[in-house]
Amino acid sequence: MSAALPRRGLLAGALVLAFALRPAAAQEAGGPVLPGSLKETPELDAWLRIDAAGAVTLFTGKAELGQGVKTALLQIAAEELEVPLAAIALVTADTARTPDEGYTAGSHSMQDSGTAIRHAAAQLRQLLIERAAERLGRPAGALRAERGAVVTPEGTRLGYGDLVGGLDLHRRARPGSPLKPAAAFTVMGRPVPRVDIPAKLTGAPAYVQDLRPEGMVHARVVRPPAPGARLVSLDRRAAEALPGVIAVVRDGDFLAVAAEKEWGAIKAMRLLAAGARWEGGPGLPRQADLFAALRALPTEDTAILDRPAPASAGTGAREMRAAYTRQYQAHGSIGPSCALAQEVDGTMTVWTHTQGVYPLRAALAEMLGRGPERVRCIHAEGSGCYGHNGADDVAADAALVARALPGRPVRLQWMREQEAAWEPLGAAMTTEVRARLGADGRVQDWDYAVRSNTHNARPGKAGDLLAATHLAQPFAPSPPRAIPQPEGGGDRNAIPLYAFPGARVMHHFIPTMPLRVSAMRALGAYMNVFSIESFMDELAAAAGADPVAFRLAHLEDARARAVVTLAAERFGWEPGAALPPGRGRGFGFARYKNLAAYCAVAAEVAVERETGRARPVRVVAAVDAGQVVNPDGLRNQVEGAIIQSTSWTLFESVDFTPDGVTSVDWSTYPILRFKAVPERVEVHLVDRPDTPFLGAGETGQGPTAAAIGNAVAHATGRRMRDLPMTRERIKAAIGV
Amino acid sequence: MVSLRVNGQEHALDVDPETPLLYALRDELGLNGAKYGCGLGQCGACTVMVDGQAVFSCVVPVLLAQGREVTTLEGLGTPEAPGPTQRAFIKEQAAQCGYCIPGMIMRAEALLRRAPHPSDAEIREHMHPNLCRCGTHARILRAIRRAAETREAPRTAFAEGGR
């Protein structure tokens with residue numbers, strides 16, 4: 001049993017934006033830990049370079065996933081370095097060129113890369129000013145940086161290109177940086193338009209799918225009918241006879257085909273599939289028995305919070321219980337996963353929309369049986385991923401085909417049904433909660449348990465790549481692992497932020513995976529926040545309290561209170577207000593991971609009795625993400641989180657039989673379409689100048705689900721505790 | 001050989017006539033706008049206009065597009081000079097990953113050419129076949145309304161002047 005974690009303790013060590021303006025000489029080497037990703041990559045020239053002509057290049061190990069990270073990082077560099085944003089060239093995740101920043105995941109990009117770049121740029125600016133001061137024989141304090149030059153009070157300008165000659169930037173960052181105060185910002189904090197949008201909206205090459213190097217061939221993979229099936233015989237003649245087919249590639253149960261043209265590759269894939277005979281299969285549980293099957297699996301149990309109830313708890317208290325479930329859900333990228341791979345002189349280069357070029361390189365190198373120096377992974381954008389989808393697996397597929405066709409660039413894209421059947425899913429989960437409500441209307445004691453598979457099966461090892469497990473000499477998948485607190489995996493946000501006198505939280509980690517699962521946006525936080533916030537409404541109702549007032553009565557964190565209050569205000573939340581029949585309103589709140597952005601959501605939902613269809617009419621969110629770099633980018637992310645979470649919550653469940661996944665297209669895995677989009681989605685930001693960046697890309701998922709569930713309960717009088725709240729389930733609940 | 005007229009230009013393509021239009025546009029003509037999403041006509045990422053109608057290019061054999069006017073995203077404008085609907089989407093920053101947006105723009109374009117003053121309900125109804133996974137819908141709807149307004153600006157000014 002792990003020791004109880006004091007929640008406030010989670011904030012310790014986040015001295016990301018310390019304004020250390022003391023002289024460098026006073027700073028000791030090996031003193032404070034460097035901020036953000038400077039911890040792992042401290043050299044300034046790993047992040048920023050300036051050539052003799054003054055051209056600035058910015059490097060980040062993070063990748064653009066459609067979240068606008070390129071623009072935000074450019075804003076930070078432009079602000080602190082004092083150069084026009086448009087004059088900076090940006091290089092993103094590339095194992096040959098950029099720092100290793102692990103995965104672009106967990107709402108970490110601004111905290112990791114943004115913080116590193118901010119400090120590196122500020123230090124570089126200071127070095128350039130000092131250099132100019134030396135050259136001019138004037139005190140550095142008399143000079144300032146402006147538009148790519150150091151300027152004297154008289155207006156003499158020394159361009160960065162002139163100053164940088166002979167300046168060795170291959171030096172460690174210092175612990176303190178002369179950061180600009182937010183009041184002086186001209187680029188950060190502004191809604192700078194996304195730099196990547198014009199190309200994407202006019203058809204310029206923008207995605208890995210759009211790469212077409214000379215000599216490129218098209219490849220498709222043939223998957224088994226279900227996980228675990230073995231290829232027992234193969235008649236490849238029909239596929240090989242098709243005009244334009246270049247090669248059929250088989251290694252054990254891995255099967256693929258390459259052709260001159262894309263349509264030829266697809267036709268050959270179908271012929272090859274028809275000629276393949278597979279045996280064996282997964283033996284999945286029946287979907288109707290899923291949660292019983294999960295509960296029957298062995299678990300590794302950790303008490304992630306153990307705060308004993310005070311002796312007084314329980315006197316006159318009323319005990320309440322509830323249990324919640326969540327079906328498997330899919331990332332469901334609109335563009336199926338794709339990669340381009342090319343083997344030249346014993347080095348494999350892979351253009352990939354992976355979230356982690358370095359971990360993927362390690363996994364590919366192991367699979368290919370070579371050193372990592374002979375694999376290069378270059379990030380190229382794909383369709384939005386929302387976590388660990390097929391990006392890494394398709395990179396392995398492409399690399400295996402490229403190894404068989406040395407010299408030729410191989411473009412391999414999955415088909416829709418392959419993406420749907422083979423992407424690692426968001427885990428099915430169950431939660432149980434029990435609380436004692438005192439006569440004073442306050443929660444006295446809280447017991448919560450979450451049961452889940454892993455939420456991180458990302459590569460790093462060959463066995464984490466689907467194809468590598470299919471080879472004649474297969475690699476075994478890595479043992480499933482839990483992500484420890486404070487971030488947590490299945491138990492992410494399982495610890496309530498509310499100040500309950502007694503509280504215990506158990507994480508029951510299930511190593512055995514009936515279906516392959518991995519990271520999906522917000523991980524366990526989506527389900528845990530849904531459960532906690534649903535139950536808070538049940539408790540509020542039992543206490544006869546308004547749901548917003550009930551939350552505020554249990555919240556001590558001032559920033560949490562501020563977003564709850566703001567969302568309620570902007571929504572026009574009046575305690576006890578009556579709504580028209582069939583309408584309900586609901587509230588949800590969380591601080592993502594209990595250490596990133598705060599988010600409160602209020603939703604008004606219309607429920608159609610005859611069909612059971614629920615539709616959010618109006619959704620109002622308030623978000624505190626610390627210092628905001630790009631307010632429009634942040635709003636875009638949270639609006640997207642609200643709509644995506646609405647889709648998960650009302651529509652989405654991966655369906656399967658004992659023989660495999662059956663929801664393999666958009667008719668069998670329906671997601672939200674335009675007619676279900678709320679009439680209004682509002683996102684209000686609480687800006688916190690000069691405070692650390694708080695990751696916000698996932699903060700909306702849980703609170704939205706909870707707000708919808710609470711609104712459906714308010715509208716119908718029926719509490720829905722099983723996700724998704726499909727119209728069939730709502731109809732059944734209201735007994736129409 | 002299949003002859004195809006795309007964005008006002010004639011092309012003779014050496015392709016299997018049953019090749020979906022999508023692959024002819026992308027792979028033979030190097031046009032990136034139309035995207036592969038499902039190959040089943042369920043998501044709209046591949047939407048282009050054929051004779052002014054929004055169609056799923058992933059399920060239309062290239063042979064059936066012969067003799068018709070095919071318009072792709074590239075036919076509306078360029079990164080340097082985007083067309084009115086593209087400008088409206090850029091102005092509203094109506095994209096996250098952006099993969100579905102070319103299809104959204106093409107479907108919206110087809111609507112606005114036919115019905116310059118669509119109601120919100122008409123826009124939603126018309127856009128229903130196209131999927132977005134990032135949840136950019138609210139911005140897409142705003143962008144289409146903006147596109148309708150900006151296209152109509154001269155006529156509105158004339159109408160007001162006449163009052």
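**Strands, contacts and a helix**

Mentor: In this predicted model, β1(B) and β2(B) make a hairpin with two residues between them, and B:Asn7 in the turn has a positive phi of about 50 degrees.

Trainee: In which sense do β1(B) and β2(B) run, and how many bridges join them?
Mentor: One pair of residues to look at is B:Ser3 and B:Ala12, which stand opposite each other, the latter in β2(B). Strand β1 (residues 2-6) of chain B and strand β2 (residues 9-13) of chain B run antiparallel, and the number of bridges joining them is five.

Trainee: Which residues make up the covered face of β1(B)?
Mentor: In a regular strand the side chains alternate between the two faces of the sheet. In β1(B), the uncovered face holds B:Ser3 and B:Arg5. The covered face is then B:Val2, B:Leu4 and B:Val6.

Trainee: Which residue of β5(B) is the bridge partner of B:Val6?
Mentor: β1(B) pairs with strand β5 (residues 69-71) of chain B in the parallel sense, over two bridges. Within β5(B), the partner of B:Val6 is B:Val70.

Trainee: How many nonpolar residues are on the side of chain B that touches chain A?
Mentor: The contact takes 49 residues from chain B and 49 residues from chain A. On the chain B side, the elements giving two or more residues are α1 (21-28), α2 (84-91), α3 (101-114), α4 (120-127) and α5 (137-151) of chain B. Of the residues on that side, 18 are polar and six are charged, while the number that are nonpolar is 25.

Trainee: Within chain A, which helices each supply at least two residues of the side of domain 1 that touches domain 3?
Mentor: The domain assignment gives domain 1 of chain A as 16-192 and domain 3 of chain A as 429-455 + 490-734, and their C-alpha centres lie 38 Å apart. The contact between these two domains takes 22 residues from each of them. On the domain 1 side, the helices that each supply at least two residues are α1 (69-81) and α2 (109-136) of chain A.

Trainee: How many residues of α2(A) are buried?
Mentor: α2(A) reaches 39 Å from its first C-alpha to its last, close to the 40 Å expected at 1.5 Å a residue, and A:Gly137, with a positive phi near 65 degrees, follows the helix. The helix is mostly covered, and of its 28 residues the number buried is 21.

How values were computed. Residues numbered from 1 in each chain as written. Chains lettered and ligands numbered in written order. Predicted model: local features only at pLDDT ≥ 70, side-chain atom pairs only at ≥ 80, totals over all residues. Contact = placed C-beta atoms within 7 Å. Helix = DSSP H or I, 4+ residues; strand = E, 2+ residues; numbered from the N terminus. Nonpolar A, V, L, I, M, F, W, Y, C, P; charged D, E, K, R; others polar. Domains from an automatic or database assignment. Expected span 1.5 Å × (residues − 1). Buried ≥ 20, exposed ≤ 12 C-beta atoms within 10 Å, placed from the backbone. Pairing = 2+ DSSP bridges.
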